[in-house]
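Here is a short briefing to read with the model open beside you. Take it a topic at a time and follow along on screen.

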Amino acid sequence: MTEEPRSEPHPRSRRSAPTERPVALITGASSGIGLATAVRLAEAGWQTLLSGTDRARLDEAAERTGGLALPEDLGKPDGPRRLADAALAEASRVDALVASAGLGWRGPFAETPSDTLDRMIEVNLAAPLRLVRLLLPGMLERRHGRIVLLGSMAGQVGVRDESGYAATKGGLSMFAESLWYELRGTGVGVRLVLPGAVDTPFFDRRGTPYHRERPRAVSAERVADTVIATISTERDRLYVPHWLGFPARVHGVAPGVFRRMASRFG
């Protein structure tokens, strides 16, 4: 049997003494939802392991939260394994994974740059799946853990000129839904947080600002509060704001009606 190759040690990895505090690994933690979630978890007494690609901002986030920066590019196929190895080397376990790293692009799908599409698929969809695959066995062995996936309303109903982004988030939603069945009764829970527009650097990075009147963008802190709620309760699917659950249900039962409404009011 061929042994699976292992990546080189992460540059920040070192064996740390086990902690009695719960340990959370947060991706996309240098800004936006990831940073706000890291702050909330630190305030609640969690040890935070923070991942992102902006080393300077990640170090600032680590100083702010008392956490540890684990810079990693999840757009690379070996990024999730390197991050998981580093997290386990630092804390010996991960009690909660918050997969909030994400990127987007707006425009006609036929004009989507190939490298942008590839990176969206890697960061938004493939990386969370790979991280869950690497961290889930330990959670199952301990019969305790939380997996929090940051989806999007776009992945529930579709959004014009955001086809690639919506596809990655829709895939993440179906992964969460399918995994929920597998994890029933194991002590490990999977949670799906579904925000609409969020006031973060996301839109600046994708190259186009958010211009719709509805829904209005909510704060990253509001989404972070929802993430905390999913970790500490049994609520496994939450919309932010909560009223977005209504149009999602309309889309589910009457997609034609939803499309006509979206064309008129969207």
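Predicted model: local features only at pLDDT ≥ 70, side-chain atom pairs only at ≥ 80, totals over all residues.

Residues are numbered from 1 along each chain as its sequence is written, and side-chain values use heavy atoms, with hydrogens and water left out. The protein has 10 helices and nine strands; helices (H or I, at least four residues) and strands (E, at least two) are DSSP runs numbered from the N terminus.

**Overall picture**

- Of the protein's 266 residues, 51% count as buried; buried means under 20% relative accessible area, exposed means over 50%, and partly exposed lies in between (1.4 Å probe, protein chains only).
- Among the contacts in the protein with a separation of 6 or more, 69% are between residues 24 or more positions apart; a contact means heavy atoms within 4.5 Å.

**The sheet**

- Seven strands form an open sheet in the order S3-S2-S1-S4-S5-S6-S9, with parallel pairing.
- S2 and S3 run parallel and are joined by two bridges, and Leu49 has Leu68 in S3 as its bridge partner.
- S1 pairs with strand S2 (residues 47–50) in the parallel sense over four bridges, and Ile26 has Leu50 in S2 as its bridge partner.
- S4 and S5 also pair in the parallel sense, over four bridges, with Leu97 opposite Ile147 in S5.

**Strand S1 and Thr27**

- Strand S1 (residues 23–27) has five of its five residues buried, so it is largely enclosed by the rest of the structure.
- Val23, Leu25 and Thr27 point one way from S1, while Ala24 and Ile26 point the other way, and all are buried.
- Thr27 lies in strand S1 and counts as buried at 2% relative accessibility.
- If you set aside neighbours within four places in sequence, the contacts of Thr27 include Gly34, Ser51, Leu74, Leu83 and Val98. Also among them are Ala99, Ser100, Ala101 and Leu131.

**Strand S5 and Gly145**

- In S5, six of the six residues are buried, so this strand is largely enclosed by the rest of the structure.
- Gly145, Ile147 and Leu149 point one way from S5 and Arg146, Val148 and Leu150 the other way, and all of them are buried.
- Gly145 belongs to strand S5 and is buried, with a relative accessible area of 0%.
- Not counting residues up to four places away in sequence, Gly145 touches Asp95, Met139, Gly187, Val188 and Gly189.
- Gly145 and Val188 are 43 residues apart along the chain, yet their C-alpha atoms are separated by 4.6 Å.

**Helix H1 and its surroundings**

- H1 lies across S1, S2, strand S4 (96–99) and strand S5 (145–150), and runs at about 165° to S1.
- Helix H1 (residues 32–43) packs with helix H8 (residues 220–232) at an angle of about 55°, with the axes 8 Å apart. Axes are lines fitted to C-alpha atoms, for helices over the stretch in contact, and angles run from 0 to 180 degrees between N-to-C directions.
- H1 and H8 are therefore oblique to each other; angles under 35 degrees count as roughly parallel, over 145 as roughly antiparallel, 65 to 115 as roughly perpendicular and the rest as oblique.
- On the H1 side, the residues that meet H8 are Gly32, Ile33, Ala36, Thr37, Arg40 and Leu41. Their counterparts in H8 are Ala220, Glu221, Val223, Ala224, Asp225, Val227, Ile228 and Ile231.
- Val39 is also in helix H1 and is buried, with a relative accessible area of 11%.
- Val39 touches Arg64 and Thr65, not counting residues up to four places away in sequence. Val39 and Arg64 are 25 residues apart in sequence and 7.6 Å apart in space, C-alpha to C-alpha.

Definitions and conventions. Pairing = 2+ DSSP bridges.
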